[in-house]
Amino acid sequence: MSEKVLEARTKEYARRVIRLYSALPRSGAAQVLGHQLLRSGTSIGANYREAMRSRSKAEFIAKLGDSLKEASESAYWLELLSEESLVSPRRLQPLLEETGEITAILVSSIKTARRQ
């Protein structure tokens, strides 16, 4: 996958997270979980962008690792929103699937970078 495609994909992911956060119920739990998701979900692309502008292989791998960490955390918050019935599982499924795909791409990218 090209650098620009993943950059665009992670940015669109962040936009989807922002829209989800804006539509969450105003209850305390939904807002706390939503804020955590907002932070982690928008950080994936930011860290990926930093990785693409890294100055060394080690910095590149570290920034990809940061993106991976944020993707994993985003999956956690999405799961909690679903399991606590704050958002319907059906509504979250596409976002959870995209989280899984981005995670797989980042894992593969890190493995490839380490081998080179």
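Colleague: In which helix does Ser 74 lie?

Modeller: Ser 74 lies in helix α3; helices are DSSP runs (H or I, at least four residues) numbered from the N terminus. This is a predicted model, in which local features need pLDDT of at least 70 and side-chain atom pairs count only at pLDDT 80 or more, while totals for chains, interfaces and linings use all residues. Residues are numbered from 1 along each chain as its sequence is written, and side-chain values use heavy atoms, with hydrogens and water left out.

Colleague: Why is Ser 74 called buried?

Modeller: Its relative accessible area is 0%. Buried means under 20%, exposed over 50%, and partly exposed in between, with a 1.4 Å probe and protein chains only. Ser 74 is therefore buried.

Colleague: Which residues are in contact with Ser 74, leaving aside its neighbours within four places in sequence?

Modeller: They are Tyr 13, Leu 37, Ser 40, Gly 41 and Ile 44, contact being heavy atoms within 4.5 Å. The side chain of Ser 74 also reaches the backbone nitrogen of Gly 41 at 3.2 Å.

Colleague: What makes Ser 85 exposed?

Modeller: Ser 85, found in the loop between α3 and α4, has a relative accessible area of 64% and is therefore exposed. Its phi is near 60°, a positive value in a residue other than glycine. Most residues other than glycine have a negative phi.

Colleague: Why are α3 and α4 called roughly antiparallel?

Modeller: The axes of α3 (residues 57–83) and α4 (residues 89–115) come within 9 Å and cross at roughly 160°. Axes are lines fitted to C-alpha atoms, for helices over the stretch in contact, and angles run from 0 to 180 degrees between N-to-C directions. Angles under 35 degrees count as roughly parallel, over 145 as roughly antiparallel, 65 to 115 as roughly perpendicular and the rest as oblique. The two helices are therefore roughly antiparallel. The residues of their contact divide into 16 nonpolar, six polar and three charged (Ala, Val, Leu, Ile, Met, Phe, Trp, Tyr, Cys and Pro count as nonpolar, Asp, Glu, Lys and Arg as charged, and the others, Gly among them, as polar).

Colleague: How do you know that α1 and α4 are roughly antiparallel?

Modeller: Helix α1 (residues 3–23) packs with α4 at an angle of about 150°, their axes 11 Å apart, and the pair is therefore roughly antiparallel. Residues making the contact include Leu 6 and Tyr 13 of α1 and Leu 92 and Ile 105 of α4. By class, this contact of α1 with α4 has eleven nonpolar, two polar and five charged residues.

How values were computed. A polar contact is a pair of N or O atoms within 3.5 Å; within protein, one must be able to donate a hydrogen and the other to accept it, and residues adjacent in sequence count only if both atoms are side-chain atoms.
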